Amino acid sequence: MDIRRAGFKCAAGISVLVFCALFLDPSASLAQNKKRHNANATKAAAATTRFAKRVDALLGAEPASKGEWGLLIADAETGETLYQQNIAKYFVPASNMKLFTTALALDKLGTEFRFLTTLESTGVITPEGELSADLVLVGRGDPNLSNRKFPFNLKEEFDGPPEKVLAELADALVAKGIKKMSGDVVADDSYFPRERYPNGWEIDDMVWEYGAAISPLVVNDNTATLTLTPGQAAGDAVPAVVAPRTQDFIVDNEVTTSASNVKADLTLTREPGAHLVVVRGTLPEKSAPRKLVLAIEEPALHAATLLKALLEQRGVEVSGGVRARHEAIVTEGITPTVLAEHVSIPLGDSVKLVNKISQNLHTEVLLRTAMRQQGTWNSFDDVARFAADFYAKVGIAPQDMIQTDGSGLSRHDMVTPRAMLTLLRYAQTRPWFESFLASLPVAGVDGTLEERMKNTPAAGRVHAKTGSVEHVRALSGFADTAGGRRLAFSFMTNNEYGKNHETTDAMNGLCLAMIEEFNAVPAKRSREHRQPQ
C-alpha cells in the first residue's frame, strides 16, 4: 500500500516511525488499543473503588445505616453504570415522582402548551347591561390562577393580590358593559372527574398547602393564608386575618400574646370535611406575624365565591348565589358565549416552577391535563394506565414502578433507581430536555437545593429534584463535573429516622464524592469528541 497516496507521510523521527510501524502492523495496533483499554478500565475501577469507600463512610454509621439505600450513577452520554446499589429494589420516591410526571406532561403536551380559563354564559347582555343567565367560570387545569410572576428566576416572586387572575377576568367582564346579573355565579370544574385526594395521601396532608384538593380550577394554589399578629404586650389578643376571603372554613382563634422570652407555641386543628379551624397557643409580644397557609377543600365553590365578591366590588349587582358544577352539562342547540378568557404561561415555564419549589397540586394538575387532552376519563385508574403506556415507551419495565399519584405525596408510590435513570436518559433525547433540565433545582443556587452544598465543589454543578416525606429522602438528576463529564444519578433512602439533617448531609456528601471521583471524561470519548486539528 502506498502510504503517501493514503494521505500519510513517514518522515524521520521516532514518533512518526512508531506511528508508521503501528499502521503497517495491525497486531501492534491492536495490542496498543488493548493496552489503552486496560489502562482506562483500571482507572475506572479505581474511581469506583474510591467512591465505594466514601459511600461506606457516609452510610455506614447511624442514623444513615438504619435505613435502606438505593444508589445508581451512570455516564449520562453513554449510559455506562459507574456505581450501583439496590437499583432494582422499590423505594418510596416522595417528590422524585415529579420527574416522571413533568417529563410525561412535556412529552405529551409540549413546552408551548397553554391552559385556557373562561367566563361563559348562555345568556345575553341587554342594552341596559344586564346578564340574564348564570355566569360560569370554566377551569381547564391552569395551575397558576394566582399572582405569581413568571418566568421563575432563582426564587418565587408575587405581584398583586392572590386572586389577581380572577380580578382581571372580572375587569374584562365589566368592560363588556355588564352592570347587573340575575343568574348565579357558577364555577365549573368538570374538566376532571371529582377525585380531590389520591390514594396514599394522609389526613394531615389535607389541612396544609402541600395537600390542597385537586381541581382543574386552581386559584392561588387552592389555599388561603391565616395571618396571626401578636400584640405589643403579654395578654394582648392576637388578631387573625384570612386572605383571600373564603367560605371554605371559619376560624376559632384562641391564640394570645405571651412574654417575649416565651417560645411561640401554636396548634391548629381541622377535622376532614369540617368548616371549623381551631387555632390555639401563644406568640411572643412584638414578634413578627405568623402565617399559616391552609388548603381549600372545595376549590370550585371557593373560586365562585371570590369571583362574585370581585364583581360586586366593581359595582356589578349580582342577585343570584354561588355554586359549583362538578359534572359537565350538555345543552342541545345552546352554545355558551365566552365573555372573558385567561391564557396561561407556556407549559415549559409552569414545569420550571413545579420542580424548583416542588409544588404538589400543580404536578397533579399537569398529569390529569395531559390525560384529558387525549380524551375524557373516569378515575385515576385510567390516568395510571395512560402513564404506564408512556413509561413503557420510555423503556421502564412495568415492575419497576407503582404510581398512585403524580406528585409523590402518596406513600403508596414505589420506584426503583433503575426506573429513574431510564427516565433521565430518555429525557436527554427529547426536544423538551432543556426545559426539563432548567426546571431542576441547582445546588447552592435555587429551589429546594438553594441552601444545600453551598461553598462546595458541587455548588452549581448538581441539577436535581429533591424528595422528602417522613422517613424518606431522595435526590435524582444530573451532575456536571469540573472535567466536563455529565453524570445521571438517583439516590433514594427509606426508613430513615434522623431527626435533623443527617440524611440530607449524607446525600450532599454522596454528590460531592460523585463529582470528584467520576470527574474525568473517559480517554476514548475525549478523543472521539476532540475537534479536528
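Analyst: A salt bridge is counted where a side-chain nitrogen of Lys or Arg lies within 4 Å of a carboxyl oxygen of Asp or Glu. Please keep in mind that this is a predicted model. With that cut-off, the structure holds 27 salt bridges.

User: Which residue forms a salt bridge with Asp184, and how far apart are the closest N and O atoms?

Analyst: Side chains of opposite charge can pair when their charged atoms come close. For Asp184 the partner is Arg323, and their closest N and O atoms are 2.8 Å apart. Asp184 lies in the loop between strand 6 and strand 7, while Arg323 belongs to strand 15, so the pair ties together parts of the chain that are 139 residues apart in sequence. The partner asked for is therefore Arg323, at a distance of 2.8 Å.

User: Is Arg323 buried or exposed, or does it fall in between?

Analyst: A residue counts as buried under 20% relative accessible area and as exposed over 50%, with partly exposed in between. Arg323 has a relative accessibility of 32%, and so it counts as partly exposed.

User: Which residue meets the side chain of Glu298 in a salt bridge?

Analyst: The N to O distance in this salt bridge is 3.1 Å, and the side chain that meets Glu298 is that of Arg196. Glu298 sits in the loop between strand 13 and helix 5, and its partner sits in the loop between strand 7 and strand 8, 102 residues apart.

User: How many residues apart in sequence are the parts tied together by Glu202 and Arg411?

Analyst: Glu202 forms a salt bridge with Arg411, with the closest N and O atoms 3.6 Å apart. Since Glu202 lies in the loop between strand 7 and strand 8 and Arg411 in the loop between strand 17 and strand 18, the parts that the pair ties together are separated in sequence by 209 residues.

User: Which residues line the largest cavity nearest its centre?

Analyst: The structure holds three cavities of 30 Å³ or more, and the largest cavity has a volume of about 80 Å³. By class, its lining has six nonpolar, two polar and five charged residues. Of the 13 lining residues, those nearest the centre are Asp189, Arg194, Arg196, Ile214 and Ser215.

User: What span does helix 4 reach from its first C-alpha to its last?

Analyst: Helix 4 covers residues 164-175, which is twelve residues, and at 1.5 Å a residue a span of 16 Å is expected.

User: Which elements are included in what covers the buried residues of helix 4?

Analyst: The buried residues of this helix are Val165, Leu166, Ala167, Leu169, Ala170 and Leu173. An α-helix has 3.6 residues a turn, so residues three or four places apart point the same way. What covers the buried residues of helix 4 includes strand 3, strand 5, helix 5 and strand 16.

User: Is His342 buried or exposed?

Analyst: His342 is found in strand 16. Among the residues it touches, leaving out those up to four places away in sequence, are Val165, Glu168 and Leu169. With a relative accessible area of 18%, which is under the 20% cut-off, His342 is buried.

User: What distance separates the C-alpha atoms of Ile396 and Leu421?

Analyst: Ile396 is placed in the loop between helix 8 and strand 17, and it is buried, with a relative accessible area of 6%. Its contacts beyond four places in sequence include Ala419, Thr422 and Leu423. Ile396 and Leu421 are 25 residues apart along the chain, and their C-alpha atoms are separated by 9.3 Å.

User: How many of the eleven residues of helix 9 are buried?

Analyst: The buried residues of helix 9 are Pro417, Ala419, Met420, Leu421, Leu423, Leu424, Tyr426 and Ala427. Helix 9 is largely enclosed by the rest of the structure, because the number of its eleven residues that are buried is eight.

User: What share of the 533 residues of the protein chain counts as buried?

Analyst: The secondary structure of the chain comes to twelve helices and 21 strands. Among contacts between residues at least 6 apart in sequence, 70% join residues at least 24 apart. Of the 533 residues, the share that counts as buried is 47%.

Notes. Residues numbered from 1 in each chain as written. Heavy atoms only, no water. 1 Å grid on protein atoms, 1.4 Å probe; cavity = no way out; pocket = protein on both sides within 12 Å on 5 of 7 lines; lining within 4 Å. Points joined across faces, edges and corners; volume = space filled by probe spheres on them. Nonpolar A, V, L, I, M, F, W, Y, C, P; charged D, E, K, R; others polar. Helix = DSSP H or I, 4+ residues; strand = E, 2+ residues; numbered from the N terminus. Expected span 1.5 Å × (residues − 1). Buried < 20%, exposed > 50% of the residue type's maximum accessible area, 1.4 Å probe, protein only. Contact = heavy atoms within 4.5 Å.
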